[in-house]
Amino acid sequence: MSGSGVIIRGGRIIDQLGERVADVAISADGVIVGVDPAINAGALGLDGALELDATGCIISSGLVDIHTHLREPGREEAETVETGSRAAALGGYTAIVAMPNTEPTIDSAAVVQQVLDAGVAAGLCDVRVAGAITVDRSGTTLAPMAEMAALGVRMFTDDGCGVQDDRLMRRALEYSAGLGVPVTLAQHCEVEALSDGGHMHEGEWSSRLGIPGIPAEAEELMVFRDIALARLTGARVHIQHLSTAGSVELVRQAKAKGLPVTAEATPHHFTLTHAEVASYDPVFKVNPPLRSDEDVAAVKAGLADGTIDAIATDHAPHTSEVKEAPFDHAPCGMLGLETALALGVSELVEPGVITMQQLLALMSWQPAVIAGIESAHGRPVETGEPAHLVVFDPTHVWVVDPAKLASRSHNTPYAGRSVRGRVSHTLLCGVPMVMNGEAQR
Amino acid sequence: MSRTGSVSSRHGDLRNLLSIADLGPDVATGIGEVMTLTDSFVEVSERANPKVPALRGRTVVSLFFEDSTRTRLSFETAAKRLSADVMNFSVNTSSVKKGESLRDTIETIEAMGVDAIVVRHASAGAPRQIAQWATSAVINAGDGWHEHPTQALLDCYTIRQRLGDLAGRHIAIVGDIKHSRVARSNIAAFTALGAEVTVVAPPTLLPPSLEGWPVKVSHDLDAVLPTVDVCYLLRMQRERMSEALIPSLREYTSLFGLTESRAEKLAQHALIMHPGPMNRGVEIAAQVADHPNAVIIDQVRNGVAVRMAVLFLLLGSGTEWGGELDV
């Protein structure tokens, strides 16, 4: 289809270099060969190129999600690498990092390779893999990080739970620094001694609803510990799905001291609060839990002032069978890939919390650095760069319909919500994976 | 007896009873209507043949995911006295044990044609979820730590029976507030009727946040007792020790148990209440439980009439049960 290249016409480019109106020409081998207000296809040898309309749209490097649950292997009834990749492409993502809490756990080269292969086979998105820090994420022995790093793994995490043992986490950080390639240990911060038995944020609503709570401090204690361990070891620590005002402040202080700490926040933690749980609908059950208004405000402030480096979806598909359970029996997690950009536009850019360029920094080039894939993704929209691009209309208003999502599961907490910002085209290596809002494979 | 007909018509919009707040925008009026109806059913219960045909042809299923012999018996007795057919879905021996989802269970039961589901569940909110899937009326017979609205209604009725109007009364609820559905429903009901509520407990047995709760808090039972019209004791569960919420039952009793000597601090008219089952010797001394002001047996007795009233409100729309009877 793009055998003769692609020309994207009429859009406004926003990247780390700034903002400009220009057409973008892409060669048949997926490289940007021209960025100019009025591209002449013939002059670039692109006669017969596919012309994509970007009028009224923003062109950016493709989005990068450093926190995706693809459920394969083991939970293919909820999501597969293919269905998750399609959801990602529709959401404007050209790269995603699959979390290792699969069955079996991604804690060895064999399982890493299996997921990487499935990503290539799907061919919808650049699927990268995060390996587990500990074997089977059980928090007892270190997983073979070097063999996974040899396959390109640059993030390690026991996501789904945090590494509880302080000494083991110290060792993991020390060990990771000697792999010969820069890697990042990412932490799901949750002290289980404080969170065990909890199903929502502890506070006004948990008290009223009679649901056991998870205090903000369960997260903050581990954020504090990991910052201390980053100082002790000098190794890079990434705080996943940071959700409380206290965590934001801890990361802010750590960064002020120059410690090698980065952090991500999810769309739901800047959009929804624990008041949603009043419906007892487990679609609002997530870990870390939806927090208070004050926490949401703090997360937004952290996104605005650079304390938080990335917006990550924590896309966590679950079948309706397991989600239609009593709240305290239902699993944690909500979909995110297909709504993240629109929520960023609607909740952050529209109200003036951040600029569009900041949003794209948080969703594309900054997470690319954390994931260690910045040589391929989150690149400026410039001649010579790989054409991993998203084209989206920041004014297009649409209503989230769970049945229309590409994910195999439907557990979006935004059903019926009107949001602004819709992906028109997503290009991976110059090939349209999404065109005019439709997945191409 | 025209009043019963008018009660049901005014409550045509009450489809489920999941929480005290469901009793309407004006909860006090809603509770008042249940009380009025309960008066009639108390009278029915005192007859030689305590049965009326009000819900003849209607089917009530009791769906208890958590054991509770007393509440189940109370609801089933209430339904039978209204001539409803009663089905008993026994969770322990059913498909639920085989992994059937809550939704499938509800859809299966509904397919058999039922008019009301009385549900007890260990999970807060389960009755609300069930109500979303069910077309029949759902009555919450206790969900986790959340609510137990018919318990609150029977408690209101029992207090009113002995002391009259609740407005201006001071009620202490003593014990494990944090884990208590009875406390949450009673606080909502008592305060809606104008009573003042003080919760008395060690801090570990209070909810993490009391923001928005219309209650006073005390950790000193001795100081509160002389000021109350009702001392409502909650059951103290032994597993709270293993959760490090209290050091020992002995220490709990020494601080928060209604011992004989402590009961002497109560006013002459003050009632002693307990939702049952009691731990005699823990939250309530054996002798205190048998005190003339202890209305614990009245609570159980009134429970049947209150549940008749609730079932009638939800299912009896349009029926003038009283008019058909020779009363």
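Of the 327 residues in chain B, 50% count as buried, where buried is 20 or more other C-beta atoms within 10 Å of a residue's own, with C-beta atoms placed from the backbone. This is a predicted model, in which local features need pLDDT of at least 70 and side-chain atom pairs count only at pLDDT 80 or more, while totals for chains, interfaces and linings use all residues. Residues are numbered from 1 along each chain as its sequence is written, and chains are lettered from A and ligands numbered from 1 in the order in which they are written.

Staying with chain B, there are 13 helices and nine strands; helices are DSSP runs of H or I with at least four residues, strands are E runs of at least two, and both are numbered from the N terminus. The radius of gyration of chain B is 20 Å, close to the 20 Å of the globule rule for 327 residues, so chain B is as compact as a globular protein of that length. That radius is taken over C-alpha atoms, and the rule is 2.2 Å times the number of residues to the power 0.38.

Now the contact between the chains. Chain B gives 21 residues and chain A gives 18 residues; two residues are in contact if their C-beta atoms, placed from the backbone, lie within 7 Å. On the chain B side, helices H4 (102-111), H5 (126-133) and H7 (181-192) each give two or more residues. H5(B) has the largest share, three residues.

Last, chain A. Its domains are domain 1 (6-59 + 383-439) and domain 2 (66-370), with bounds from an automatic or database domain assignment. Their centres, taken over C-alpha atoms, are 26 Å apart.

Conventions. A residue is buried if 20 or more other C-beta atoms lie within 10 Å of its own, exposed if 12 or fewer, and partly exposed in between; C-beta atoms are placed from the backbone.
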